[in-house]
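Q: Please take a close look at one part of this model, the metal site. Then show me what else stands out in the rest of the chain.

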Amino acid sequence: MRTDTAPLIRLTDYRPPDWLVETVHLDVTLHPTETRVRASLALIPNPAVPPAPLVLDGDGLTLVSLRRDGVSLPADSYIATPDKLTIPQPPNRPFRLDIETVVDPTANTQLSGLYRSSGTWCTQCEAEGFRRITYFPDRPDVMAVYSTRIEADKSEAPVLLANGNLIDSGELPDNRHFAVWHDPHKKPSYLFALVGGDLASIEDKFTTMTGRDVTLRIYVEHGKEDRADYAMDALKRSMRWDEEAFGREYDLDIFMIVAVSDFNMGAMENKGLNVFNDKYVLASGETATDGDFAGIESVIAHEYFHNWTGNRITCRDWFQLCLKEGLTVFRDQEFTSDMRSRPVKRIADVRTLRAAQFVEDSGPLAHPVRPAAYKEINNFYTATVYEKGAEVVRMMQTLIGREAFRAGMDIYFARHDGEAATVEQFIQCFADASGRDMTQFMRWYAQAGTPEVNVRTQFDAERGIYTVTLKQSVPPTPGQATKAPMVIPLRMGLLDKNGRELPIVPVEGGAIQRDVLVLDKAEQTLTFGGMTERPVLSINRAFSAPIKLVTDLTNADFALLARHDSDPFNRWQALQTTAIRLLTDNVARLRAGGMPRADDNLIGALGAILNDESLEPAFIALALTPPGEGDIAREIGRDIDPDKIHLARQALREDIGIRLGADLSLTYERLASADPYSPDAASAGRRALRNVALDLLAATGSSPAITRAADQYADADNMTDRMAALATLAQHEVPERGEALDDFYKRYADNALVIDKWFSLQAASPHKSALDKVRGLTAHPAFSMGNPNRVRAVIGAFAQGNLTQFNRADGAGYAFVADSILAIDPKNPQLAARLATSFRTWRTLESGRRALAETQLRRIKASPNLSRDLADIVERALG
Ligand code: B3K
Ligand code: ZN
């Protein structure tokens with residue numbers, strides 16, 4: 001469907017459903033191409049609205065039969081199209097509707113609805129996939145109790161799963177069998193799931209806080225059982241944590257996870273039956289990196305936490321998506337902070353937020369955390385809804401304090417359990433718990449764009465007065481030209497010249513509660529008295545607000561903060577800010593035909609951090625990593641030349657490698673470990689620092705450093721170290737590069753998840769040959785346009801992880817990605833639309849590249865038969 005014909009759906013048009021569904025009985029007979037679905041719905045007219053026709057959603061459906069209260073409906077009493085089933089004059093009373101449809105899971109390449117992945121039948125219903133299985137009021141505020149009977153050939157699908165608890169199963173003639181699952185909890189259709197296939201499983205048990213035993217089962221392909229242990233461990237820790245941190249107990253007899261290899265996103269929180277991209281389940285020390293383990297831990301936790309924030313309390317409509325996603329991201333971030341290192345987690349999250357969300361928020365795809373309108377809801381599973389949504393929850397906790405926040409969550413669970421709620425209802429719980437008026441705070445949900453806070457400081461030595469003036473502004477975004485002031489909680493502190501904390505009691509300009517200054521006007525001035533010397537301001541500690549901060553602090557101030565700030569986040573930030581200042585300056589120099597300059601103070605500060613034994617290695621690793629190319633591009637903001645950014649960053653890395661070489665070498669040797677691999681955070685942190693040292697040393701291009709990387713590649717006993725060495729080698733045009741890449745492929749040819757790493761490493765190579773290489777990779781026998789992980793590993797890694805080569809000055813990178821998007825769209829619109837977002841920064845490029853990128857966007861837009869998903873992204877990107 002073309003987007004110009006696709007309607008714009010608006011939040012303000014929300015109306016409650018005309019019909020409610022009390023129960024759903026599904027009877028599904030699995031077949032590769034003709035799966036029969038019999039749905040029996042107990043419908044009741046919604047007592048809150050006037051009588052209305054019954055209109056059920058469909059998507060590409062074929063109706064086989066329709067009965068009302070057991071009687072076939074005459075053909076003239078309903079209208080069935082692939083997209084809709086209408087009964088214009090239903091009786092104004094409860095009735096049963098039996099709907100029979102037939103669907104073809106093998107032909108379903110969209111991976112939405114019922115499809116097959118490596119022979120396994122599985123479903124993905126969020127956001128609107130249930131309507132591809134049967135006609136239904138497919139909207140989250142219609143919540144029903146489901147039971148599901150599945151029937152299949154016993155050899156094709158010995159395992160038959162659906163939501164809830166197993167209540168019956170048995171043998172049938174002709175080598176067939178069945179299973180019946182019942183989910184006692186009311187849920188919206190997007191949480192429905194069914195799986196059938198020949199799968200292996202591992203099993204464990206969890207005893208809940210009230211002493212109930214829950215069976216835990218993770219299903220994987222045969223032979224992969226031993227790689228699911230870490231996921232199981234993460235699941236048990238998640239279940240315990242949700243009890244301890246939020247008092248939330250699991251509510252069924254069994255919790256199941258199924259890992260599949262073809263999946264459009266990370267995972268899905270279907271009630272009692274999570275379906276996962278196998279990337280977020282399967283791991284062993286030999287096949288997965290520390291980053292993969294951390295990803296598994298957080299995605300397992302995220303989907304599990306949805307059981308309360310998303311499933312027990314769901315969203316009234318898709319505009320409220322952040323209600324479950326932002327909140328659940330916040331919860332998984334807290335979980336990881338408790339499991340691992342809080343400061344390291346915070347820095348990692350802020351890096352992601354800036355790289356993904358800030359970029360989104362400053363371009364044509366910017367939208368509020370709660371969008372006001374959409375054409376295709378699948379395009380709104382964005383960094384803004386997820387990551388900025390989590391930041392908004394975090395800010396609320398910062399504003400009202402942890403205790404009131406927890407009390408507000410308790411109110412939310414008590415007040416809205418079993419309901420489909422709104423953002424207003426959620427926020428009201430915190431207003432009630434804290435007594436704070438949240439009206440102005442609600443702007444975080446309505447106004448798009450990253451607020452900028454400009455801070456000017458002044459010291460009056462004579463009077464001992466220090467003045468801090470803060471101004472906020474929110475940039476215009478599509479459809480929102482002007483903005484009102486936001487409520488911005490800023491954690492802050494003042495340091496004396498020795499780095500000691502000074503008391504923060506302003507004599508004028510507002511109160512600071514705990515250490516939080518609330519900026520809620522366009523401009524505010526705070527005055528601190530009794531100062532014997534000029535203090536150094538540390539502000540937005542722990543990144544308490546998702547803003548862009550501009551200050552008049554000097555590099556000397558940042559050097560002090562980098563060494564002494566009691567807030568680890570701001571220690572890291574001080575180094576990043578100093579590096580960004582240097583890097584943007586050097587990009588300008590390079591563009592003017594000059595040479596990059598070095599910054600002794602920055603190198604000195606990095607050296608001090610490297611040798612600070614009080615710091616955890618994972619933190620040092622982050623501190624030593626210069627801002628990414630994307631960070632530099634974002635800071636420059638317009639007229640971007642990616643090649644110069646790359647050169648400037650390389651020069652800094654080389655400089656660090658040369659000038660801190662001796663210390664980096666010592667660090668590398670000191671952190672060598674003879675212990676067997678363990679994925680725990682402390683060990684992972686040591687490996688992270690060691691591998692950053694390796695990479696910085698190799699950035700000099702010196703042959704001992706390359707040899708060291710080659711040796712590490714060969715000798716590694718775990719994927720983290722092997723992959724890190726390979727990534728280092730991959731950046732250099734040395735014979736060791738090709739040898740290691742060939743060896744890697746041979747070693748891991750039969751492990752798709754590892755081979756994805758091999759693909760993406762090459763696709764992300766900044767070398768000029770990258771595009772040719774990527775073209776070659778798409779012709780590799782192991783490449784397939786049908787597998788989303790593989791497509792993301794090659795085309796995604798090139799378009800989103802290779803700033804210089806995607807943005808080649810000749811436009812060939814854009815043309816290649818556009819061709820790929822057009823090739824994928826007919827098969828998998830969601831995947832194509834996601835790839836198309838790579839073009840979202842096109843307006844920030846220098847004029848030559850900008851024109852070439854625009855040409856490709858226009859070419860996509862003009863192509864026939866675009867999916868609604870892709871057309872929506874391209875239209876908005878062109879603005
Ligand atoms: N709720 C799913 C995402 C569904 C995306 C649909 N296009 C996974 C998650 O956020 O937990
Ligand atoms: Zn989620």
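A: In this predicted model, three residues coordinate the zinc ion (ligand 2): His302 through NE2, His306 through NE2 and Glu325 through OE. The distances run from 1.9 to 2.1 Å. Along the sequence, these donors follow the spacing H-x3-H-x18-E. Histidine 306 sits in the loop between helix H2 (290–305) and strand S22 (314–315). Glutamate 325 belongs to helix H3 (residues 321–339).

The cut-off for buried is under 20%.

The largest nonpolar core has 162 residues. Leu97, Val281, Phe426, Phe441 and Phe528 have the most contacts inside it. Helix H5 (residues 383–400) gives the most to this core, with nine residues. Take valine 281 as an example. Beyond its neighbours within four places in sequence, valine 281 is in contact with residues including Ile218, Val220, Phe276 and Ile296. A second, separate core has 114 residues, among them Ile640, Tyr668, Ala797 and Ile860.

Asparagine 570 lies in helix H10 (residues 568–591). With 6% relative accessibility, asparagine 570 counts as buried. A polar atom of its side chain is 3.1 Å from the backbone oxygen of isoleucine 539. Leaving out residues up to four places away in sequence, asparagine 570 touches Ser538, Ile539, Asn540, Arg541 and Asp565.

Key. Residues numbered from 1 in each chain as written. Chains lettered and ligands numbered in written order. Predicted model: local features only at pLDDT ≥ 70, side-chain atom pairs only at ≥ 80, totals over all residues. Heavy atoms only, no water. Donors = N, O, S within 2.8 Å, 3.2 Å for Na, K, Ca; no water. Helix = DSSP H or I, 4+ residues; strand = E, 2+ residues; numbered from the N terminus. Core = buried A, V, L, I, M, F, W, Y, C linked by side-chain atoms within 4.5 Å. Buried < 20%, exposed > 50% of the residue type's maximum accessible area, 1.4 Å probe, protein only. Contact = heavy atoms within 4.5 Å. Polar contact = N/O pair within 3.5 Å; in protein donor to acceptor, adjacent residues only side chain to side chain.
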